[in-house]
Amino acid sequence: MILPDNIEPVISRRAKYLDLRGLSEYSSLGIPTLREYLKSGSLSYFKLKGKILVRVSEFEDWLEGYRVNKKEDLNHLVDDVLEDLMG
């Protein structure tokens, strides 16, 4: 598909993949640390001809499990409960 010069193709967050080096830069985690998570099976990845690729959206979802301050999550829970009670 040919796009006009003034339009740039957009790659959605769901379609973006990073190799270990890119993921390390993106997350500020070291490559050895990322390899540990991959090896343990807690973080999913793709392996193509020896190259490891991680989908950014899956990494971000996985990372949410390590959130320390879950205040936002609590606010959503309270809002949902109040909505159920009132509605």
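Predicted model: local features only at pLDDT ≥ 70, side-chain atom pairs only at ≥ 80, totals over all residues.
User: How many helices and strands are in the protein chain?
Analyst: The protein chain has 4 helices and 3 strands, where helices (H or I, at least four residues) and strands (E, at least two) are DSSP runs numbered from the N terminus. Along the sequence their pattern reads β-α-α-β-β-α-α.

User: And what share of the residues is buried?
Analyst: Of the 87 residues in the protein chain, 18% are buried; buried means under 20% relative accessible area, exposed over 50%, and partly exposed in between, with a 1.4 Å probe and protein chains only. As for contacts (heavy atoms within 4.5 Å), 50% of those between residues at least 6 apart in sequence join residues at least 24 apart.

User: At what angle do α1 and α2 pack?
Analyst: Helix α1 (residues 20-27) and helix α2 (residues 31-40) pack at about 110°, and their axes are 9 Å apart. That makes α1 roughly perpendicular to α2, since angles of 65 to 115 degrees count as roughly perpendicular, under 35 as roughly parallel, over 145 as roughly antiparallel and the rest as oblique. The axes are lines fitted to C-alpha atoms, for helices over the stretch in contact, and the angles run from 0 to 180 degrees between N-to-C directions.

User: Which residues meet there?
Analyst: From α1 there are L20, R21, L23, S24 and S27, which meet I31, L34, R35 and L38 of α2. The residues of this contact divide into 5 nonpolar, 2 polar and 2 charged (Ala, Val, Leu, Ile, Met, Phe, Trp, Tyr, Cys and Pro count as nonpolar, Asp, Glu, Lys and Arg as charged, and the others, Gly among them, as polar).

User: What about R21?
Analyst: R21, which is found in helix α1, counts as exposed at 59% relative accessibility.

User: What does the side chain of S27 reach?
Analyst: The side chain of S27 reaches the backbone oxygen of L23 at 2.7 Å, and a polar atom of that side chain lies 3.2 Å from the backbone nitrogen of L29. A polar contact is a pair of N or O atoms within 3.5 Å; within protein, one must be able to donate a hydrogen and the other to accept it, and residues adjacent in sequence count only if both atoms are side-chain atoms. Not counting residues up to four places away in sequence, S27 touches L34 and F59.

User: Switching to rings, how many aromatic pairs are there?
Analyst: The structure holds 6 aromatic pairs; rings of Phe, Tyr and Trp (its six-membered ring) pair if their centres lie within 6.5 Å, and planes under 30 degrees apart count as stacked, over 60 as edge-to-face and the rest as tilted. In the pair of Y26 and F59 the ring centres are 6.3 Å apart and the planes are at 65°, so the pair is edge-to-face. Y26 lies in helix α1 and F59 in helix α3 (residues 56-64), so this pair ties together parts that are 33 residues apart in sequence. Y26 counts as partly exposed at 43% relative accessibility, whereas F59 counts as buried at 1%.

User: Where do Y37 and Y66 lie?
Analyst: Y37 and Y66 also form an edge-to-face aromatic pair, with 6.0 Å centre to centre and 65° between the planes. The pair links distant parts of the chain, with Y37 in helix α2 and Y66 in the loop between α3 and α4 (71-86), 29 residues apart. Y37 counts as partly exposed at 27% relative accessibility, and Y66 is partly exposed with a relative accessible area of 46%.

User: Which residues do ring pairs link into a cluster?
Analyst: Ring pairs link Y26, Y37, F59, W62 and Y66 into a cluster.

User: Last one, which residues of α3 are buried?
Analyst: They are V56, S57, F59 and W62, and the buried residues of α3 pack against β1 (17-19), α1, α2 and β3 (51-55).

Terms used. Residues numbered from 1 in each chain as written. Heavy atoms only, no water.
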